[in-house]
Amino acid sequence: MFVWTDKELNDEQSAVVKDNDNILLVACPGSGKTRTLTYKVANELSNLNSHKKFVIAITYTNRAANEIKERIELLGVPTDQLWIGTIHAFCNEWILKPYSSLLEKLKFGYRIMDANESDNLINEMCKGYDKPKITLWDCGHYATVNGIVQVISSGYKYECVSSVLQEYFTYLDEHNFISYELMLLYAHQLLEENPIIGNTLSKLFEIILVDEYQDTKEIQYHIISKIWNSAQNKTRALIVGDPNQTIYGGLGGYPIKKLELEKLSGLEFKRLELEQNYRSSTSIVNYFDKYKTIENIVVASGKEKDFDSIISFNNQVHVENLVKEISRLLKHNVEVLGIDTNEICILGPQWIHLAPLSRSLMIEMPEYSFNGPGMAPFSRDLENFWYKLSRIVLTEASPRMYLRRLRWANEILNELEDSGFNVDDINHKSILRVCNSIQIEETEGLLYLQLFFETFLEELGIDLSTNISLTESFASFFDSARKRIEKIKKEGNDFIEHIDSFKKVFQQKDGTTISTIHGVKGAEFDTVIAFGLLEGYVPHSKDENGTETANRMLYVVGSRARKNLHLISETGRKNWKGETYVPTTVLSLVKHQYDTI
């Protein structure tokens, strides 16, 4: 039996863990949502009465899945009957792999196109469009129960984007590829046309937990609900999130209402709330509460609740002086306020602004370390086999890393088996032993990895040439990394190709974090500095629900901070028409006595 004390969970959290009803849980920022989920999953695992049953937890990111699983393992609860991962991984593992032969388009097999391949393909197709110029960022799309929907639904780029996406999906179809969005589309189609699939899965799943429900798409709700409906109340449910943090509406995400969820799933839900914020000061909580779009209660309850926070807003600094202003704020927080540099985060609205800012700050403040985009020699693509293997290759064999590396080795073993290789004489521990035994004397990162991978395959007796999918993903991994390295080298970082730069990708991150608002969701820092808070960025100029989105993004920005919050709407930025961006309207309209630094 799994037990806990009142020092581990508060009454609200404990009630969720103990409750056997279907739960719709609204969790405010800093309320210990991940801890509650961890204990809920651990408790469900300990109460399973059949070795054939599974606890399913669907997270928004792989990072969240890994964090929860590691926490459960540290609690001493076996995880062999836990499946945890993203909705795409869930669809692939439980629906597409075992049942793809039932679908005409997939009956001869399929290959998943990883993120790098997909981006490169769309970028290549966009090159044929100059008037208007089309980029990868214009070609956003997502799956619905009725098919694929493109994000740009009108305007002068609409027809060209439609043409690019049509060419893209034609290519996928002709070459037997499926994308992440097609994974959802085909999984839903299989469940819709073959009710026996949902019925079979419902008998295996004791409970399905869904994290970050506020950014879950309609088709994802439908996929999970097909299983809940088939279970006839035998597969329970817990979905958790915060509707005030809905920031992926442009990609189809939305916080489903209780009545809609009950109608769709065939279940009755109990609505519970986590209202205690253990992260931020009362001042910070009162500030970000001004941006909520849905009424809820947030009570500052942590050790920082009485902290004398600084909340500033600068709408005067020119974009040319932005780096100096951010460096000034950084130095003030570190040298005057005593904030650890690792506990500071710089946020921008779009990735395109972050890489140049990261490099400029490194030049402006060489004595400081920064952890930002454009600093890694290869992309973080968790669907690529070689990226998965590189995690083991580039991390040290140590007691602290043993369980994590063992889990990664198990993923490698499963991938090899799924790819058709004979793994009867291989297990996850032997994979780890082989990796630990390989010694490569090479300082150039890509060559180091290539030699390591070749030696690894030779040690296991695996002939890569016999598998098209792994061969293509091998080429994709290295091709993408070469392009990335060349780009970074042109920008002045010659050290990027050294093996030490490669190993830093998986080391504990050191220095001030630089991220987008979307990318930092779920994280927390002593100090948050946010720039680019301008109409057209926050919200995006194409956002049909601009005011609501801006409020939610500012809610997310503010709720990341424990102690201090610095907001910047710089002047001098112009759009492609030459029009000057102005401060985000909802930010300008908020009444607050800001601090001066």
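1. A contact here means heavy atoms within 4.5 Å. By that rule, and leaving aside residues up to four places away in sequence, Asn10 touches Gln276 and Tyr278. Please keep in mind while reading that this is a predicted model.

2. Let's stay with Asn10 for a moment. This residue is found in the segment before helix H1. Is Asn10 buried or exposed? Its relative accessibility is 16%, and buried means under 20%, so Asn10 counts as buried. Its side chain makes a polar contact with the side chain of Tyr278, at 2.7 Å. A polar atom of the Asn10 side chain also lies 3.0 Å from the backbone nitrogen of Glu12.

3. On to the domains. The domain assignment gives domain 1 as 11–97 + 193–274 and domain 2 as 111–175. Domain 3 is given as 282–369 + 511–589, and domain 4 as 385–505.

4. Val55 stands opposite Leu82 in S3, and Ala57 stands opposite Ile84 in S3. In a regular strand the side chains alternate between the two faces of the sheet. In S3, Leu82 and Ile84 point one way, while Trp83 and Gly85 point the other way. All of these S3 residues are buried.

5. A second open sheet of 6 strands runs in the order S13-S18-S17-S14-S16-S15, and its pairing is parallel too. The edges belong to S13 (311–314) and S15 (370–371); each has a single partner strand, so one side of each is left without a neighbour in the sheet. Strand S17 (residues 525–530) and strand S18 (residues 561–568) pair in the parallel sense over 5 bridges. The bridge partner of Ile529 in S18 is His566.

6. Helix H13 (residues 351–364) touches strand S14 (344–348), S15 and strand S16 (512–516), and its direction makes about 160 degrees with that of S16. Helix H20 (residues 546–559) touches S14, S17 and S18, with its direction at about 135 degrees to that of S18.

7. How many residues does the contact take from domain 1 and from domain 4, whose C-alpha centres lie 32 Å apart? It takes 5 residues from domain 1 and 4 residues from domain 4. The two domains bury about 460 Å² between them, 32% of it on carbon and sulfur atoms. On the domain 1 side, Asn66, Glu70 and Glu73 lose the most area to domain 4, together 70% of what that side buries.

8. A last pair to check is Ser469 and Ile112. They are 357 residues apart along the chain, and their C-alpha atoms are separated by 8.6 Å. Ser469 lies in helix H18 (residues 468–490), and its relative accessible area of 34% makes this serine partly exposed.

Definitions and conventions: Residues are numbered from 1 along each chain as its sequence is written. This is a predicted model: local features need pLDDT of at least 70, side-chain atom pairs count only at pLDDT 80 or more; totals for chains, interfaces and linings use all residues. Side-chain values use heavy atoms; hydrogens and water are left out. Two strands pair if DSSP finds at least two bridges between them. Helices (H or I, at least four residues) and strands (E, at least two) are DSSP runs, numbered from the N terminus. Buried means under 20% relative accessible area, exposed over 50%, partly exposed in between (1.4 Å probe, protein chains only). A polar contact is a pair of N or O atoms within 3.5 Å; within protein, one must be able to donate a hydrogen and the other to accept it, and residues adjacent in sequence count only if both atoms are side-chain atoms. Domain bounds come from an automatic or database domain assignment. Buried area is the accessible area (1.4 Å probe) that two parts lose on being put together, summed over both. Axes are lines fitted to C-alpha atoms, for helices over the stretch in contact, and angles run from 0 to 180 degrees between N-to-C directions.
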